[in-house]
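Try each task before you read its solution.

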Amino acid sequence: MALRLLSSRRLASAGTGIRSLSSQASAPASNSNRPQDAEDSVHHEASLPNPDPAEGSRSAQLVKDHAKYMLATYARPPPVFTKGQGSYLWDLENRKYLDFTAGIAVNSLGHCDPVISKLIAGQAKRLIHSSNLYYNSWTASLSKVLVEKTLASGAMHDAATVFICNSGTEANEAAIKFARKSGKVLDPEGSKYEIVSFHGSFHGRTMGSLSATPNPKYQEPFAPMLPGFRYGTFNDVEAINDLVTDKTCGVIIEPIQGEGGVNVATDEFLTALAKRCREVGAVLIYDEIQCGMSRTGSFWAHGHLPAEAHPDIITTAKALGNGFPIGAVISNGKVSERMKVGDHGTTFGGNALACRVAHYVVSRLTDPVLLHGVEEMSKVFTDRFEKMQAQYPDLITEVRGKGLLLGLQLTKDPSPIVKAARERGLLIITCGTNTLRFIPSLMITTKEIESGLDILEEAIKATQ
C-alpha cells in the first residue's frame, strides 16, 4: 500500500520535480487505526525518494521466492536491479539510483555502453568459444594491444606476453604460479618458494590468492592456508630486507589497496621493494585489478614510477571487460621464458567474445581525453570531500586515493550512511575499517558527481 501511495505521489509531482509528503502518509497517528510500526513505515517511505522496498513489494517477493536457491555470499540490501545506463541503475520498483560503485570498479565505461552491447551481439553471431587448443584472432589482438598500450603508457617498460583468463582471482592465481615456477628455475632444489604479500591487501578468493590475502575474515573459514606465504606491513620500507629473502620467489602488492581501505603505496616503498626483488631474484607482481585500467588517470597506477620500480607481472580484470568476465596477466620476457607449454592453461580464458569486448575497452580507456577527464572529475570529488571534512571534522578524518579510486576515512561505522544514501538514490560502498569508497564510472560527469555528493551530505546529516 505504501509503495502505491509513493508511486501516486511521484506521478502527481513529476511535472514540478518537487518532493512532497502524501496527505495520508503525513497524517498524525491519532487519525489512524494502523499499528504504530506500520504508520512509521509509511512516514519513512513517503519522506524518501528511494526507500528500500518494503515487505510485500515485488522486490521482496522475488527475493523471498528465489534467494533460498542462492548460496549465501554477500549480505545484499533489498533493491533488485533490472536495468542500467551510464552512471545509473533502476530497480524492480523502477526507482533510479546514481551509482558511485560501478560494479566494484568494473563498469568504467558505464552501464550498458551501447557500442559494447553491439559488439557482444555481433561477435556472438560469429564465434564465442573455440577453446585454447586453437588460435583465434581476438585473443591475439587483445594480447598485442595490452602489451603495446602498456609500453606506450610509460608503465612496465619490458612488458612482453599476456595470459588471458576469466577473473581477477584467476589472474592472481596464475601470477603466483608463474612466480613459483620462476623460483624453481632459479633454484631447482625447491627452497625458493615463498610468496610475500601485505596486510590490508585483497587478492582474491581461490586458495592461492586467498593465501596471499592476510585477513582473518576471509581466511579463517577455509584454514589452513597454502604453505609458503609471508605477510608484511604496507609502506614499511625498513622491514623489506628481512621480509623478502633468498627464499622469496614472488612478491604481490596492490599499488593502491582497494578493499583494504584505499591505501596508496608510497613511491619510496614500491621503489625499495622492486630493488630488493631484483637483488634476490623474486618476481614482483603488481595487482592492478582494481587500481589499474585508467582508474587513477593513467593506464596503470604505477605508470608514474621510474623503470627500476616497474613490476615483472601486472594482473588485471574488473574494468578490462566492463562487466564481461575476463582477466589477464601481463609478464615480462624474464618470467614468460620460464613458463613452458603445459605449465598452465585455461578452458574459457581468451575466448573470442571476451577478447573482442576487452580489445574495444582498452582502446577507449587509453584515450587521452578520457584520462584527462578522470583527473578533472577526481578534483571535483576531492574539493567537495575537503569541504565535507571541514564541516564534519569529528566524522571524516582523511581523504585518500587517486583519480576515481577515492576513500573517506570515518571515525565510525559507515553502514547507516550507506543505507541513508541508498534510500535517497545514491549507491556507495565501504572498504577497510570505517572507510567509504568511491569508484564510479570513468565517464561520470561533474553534474552527476555534484548531485551524488549532495545526496551524500543529506545522508550524513540524517545519520548524525
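Buried means under 20% relative accessible area, exposed means over 50%, and partly exposed lies in between (1.4 Å probe, protein chains only). This is a predicted model, where local features need pLDDT of at least 70, side-chain atom pairs count only at pLDDT 80 or more, and totals for chains, interfaces and linings use all residues. Residues are numbered from 1 along each chain as its sequence is written, and side-chain values use heavy atoms, with hydrogens and water left out.

**Exercise 1.** Find Phe 163 and Phe 178, and decide whether they are buried or exposed.

*Solution.* Start with the accessible area: Phe 163 and Phe 178 are both buried.

**Exercise 2.** Classify the ring pair that these two residues make.

*Solution.* First, the rule: rings of Phe, Tyr and Trp (its six-membered ring) pair if their centres lie within 6.5 Å; planes under 30 degrees apart count as stacked, over 60 as edge-to-face and the rest as tilted. The count by this rule is 12 aromatic pairs. Next, the centres of Phe 163 and Phe 178 are 6.2 Å apart and the planes stand at 75 degrees, so the pair is edge-to-face.

**Exercise 3.** Which residues do ring pairs link into a cluster?

*Solution.* Follow the ring pairs: Phe 100, Phe 381, Phe 385 and Phe 438 are linked into a cluster.
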